Amino acid sequence: MTDSAGIPEHPGAGTGGTPPPRRRRRPLRWIGLGVVLLVLAGAATGWWVYRKLEGNIKEDTSAAAELRRYDRERPVHFVDGAQNVLLIGSDSRSGKENAKYGRDVGTQRSDTAILLHLPANRLSATAVSIPRDLMTDVPSCLKADGSRTTAQNAQFNWAFEWGGAACTVRTVEKLTGIRVDHHMVIDFGGFKRVVDAVGGVEVCLKQPIDDTDAKLKLPAGRQTLQGEQALGFVRVRHSLGNGSDTERMERQQEFMGSLVKKVQSDGVLLNPARLYPLLDAATSSVTADPGLASLRGLYELVRGIRNIPTDRINFLTVPRKPYAADPNRDELAEPEAARLFQQLRMDEPVTVVAPAALDPQGQATPEQRAEAEHTPAAGAGTAPAPSPVPTFTGTTAGTATCR
């Protein structure tokens with residue numbers, strides 16, 4: 001169609017040409033606007049998630065202030081890049097989630113204490129359990145009411161009751177000579193939320209469990225424990241084995257190994273549907289020092305662990321023996337404990353061997369030590385070590401498998 005001058009009213013109309021430029025650009029504009037909106041929505045969601053997770057974490061400012069007060073007397077770092085993190089499990093009955101486990105009398109003790117050593121090269125990790133009944137020197141500590149305790153020899157877990165995380169950190173440092181860089185405290189409710197967030201943790205029971213105190217009844221064999229069951233399992237003591245705290249710590253170490261394997265698996269870390277609940281549960285379950293009380297701090301810690309092979313994540317208990325004055329308590333077994341602390345201080349590899357694998361003299365074979373240290377054994381083209389490598393009984397996350 002043309003006007004009176006013979007010029008088409010719309011360029012390309014009736015000639016098979018391209019559509020008008022204005023009409024062609026309009027769909028592109030809508031697509032571009034849609035992409036921008038999607039990006040902004042994603043950024044807003046990401047920011048909301050970040051702020052929520054960041055806000056979950058409780059910062060232990062009081063412990064940080066107390067530790068600064070005694071900074072001059074604390075151990076020094078010997079190896080740059082190595083980190084030591086004290087993990088404290090509290091038996092506090094405060095709060096709605098913890099009230100079901102007993103009456104809240106305003107006190108709490110460290111039900112579990114684990115010193116996690118991450119070497120500078122991040123090729124392994126060593127988690128050392130400290131018995132709650134271990135007799136040790138507890139320094140003068142600041143109590144919640146503002147008063148101070150007197151320095152004394154006492155049960156290890158009393159340190160947490162008297163002076164919280166700061167007192168426990170200082171007690172561990174005095175016991176080991178190792179500088180504690182960070183600490184985290186988790187209570188009963190927090191522990192259950194983390195286990196539930198990963199979909200439960202698998203364990204293998206050699207015998208059935210029926211413990212009314214732990215509210216736990218399970219048959220023998222392979223079991224996937226959810227939060228409440230898992231808490232009962234790591235706390236149960238008198239109805240399993242010989243009822244000792246030693247066996248309880250061994251079960252805790254086996255459970256932690258299974259938990260590490262579960263978290264490292266693709267089913268958790270690469271599954272957003274499970275990863276977010278895990279992050280939400282973990283961040284809302286811990287009270288941490290200022291260096292860890294942020295997503296960045298926790299991310300740096302997890303990043304240092306996530307790529308370590310499970311057979312290089314060691315679990316052991318500090319060498320100890322019955323306390324001379326009371327066989328129901330423990331004391332350090334020397335010189336084994338001193339050797340362990342020295343290796344951790346100097347960031348040297350720790351060799352862990354299962355008790356059943358030791359020779360009749362209680363020592364590991366050269367092949368076992370080489371496998372535990374991930375170095376060639378003597379006779380495999382290398383010169384033998386100039387002196388025996390200290391060996392400690394324990395387990396690894398790699399052996400935490402039901403057979």
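Arg 122 is partly exposed, because its relative accessibility is 24%. This is a predicted model, so please keep that in mind throughout. Arg 122 sits in the loop between strand E3, residues 110-118, and strand E4, residues 125-129. Its backbone has a positive phi of about 55°, although Arg 122 is not a glycine.

Asp 347 also has a positive phi, about 60°, and is not a glycine either. Buried or exposed, then, is Asp 347? Asp 347 is buried, because its relative accessible area is 18% and the cut-off for buried is under 20%. You will find Asp 347 in the loop between H10 and strand E16, residues 351-353.

The peptide bond joining Glu 334 to Pro 335 is cis, with omega about 10°.

Now the aromatic rings. How many aromatic pairs does the structure hold? There are three. In one of them, the ring centres of Phe 191 and Phe 255 are 5.7 Å apart and the planes are at 40°, so this pair is tilted. Phe 191 is in helix H4 and Phe 255 in helix H6, 64 residues apart in the chain. Both residues are buried. Phe 233 and Phe 255 have ring centres 6.3 Å apart and planes at 45°, so that pair is tilted. Phe 233 belongs to helix H5, and its relative accessibility of 4% is why it counts as buried. Together, Phe 191, Phe 233 and Phe 255 make one aromatic cluster.

Last item: the charged end of Arg 170 sits over the ring of Tyr 70, 3.7 Å from the ring's centre.

Terms used:
Residues numbered from 1 in each chain as written. Predicted model: local features only at pLDDT ≥ 70, side-chain atom pairs only at ≥ 80, totals over all residues. Heavy atoms only, no water. Helix = DSSP H or I, 4+ residues; strand = E, 2+ residues; numbered from the N terminus. Buried < 20%, exposed > 50% of the residue type's maximum accessible area, 1.4 Å probe, protein only. Phe/Tyr/Trp six-rings, centres within 6.5 Å; stacked < 30°, edge-to-face > 60°. Lys NZ or Arg CZ within 6 Å of the ring centre and 35° of its normal.
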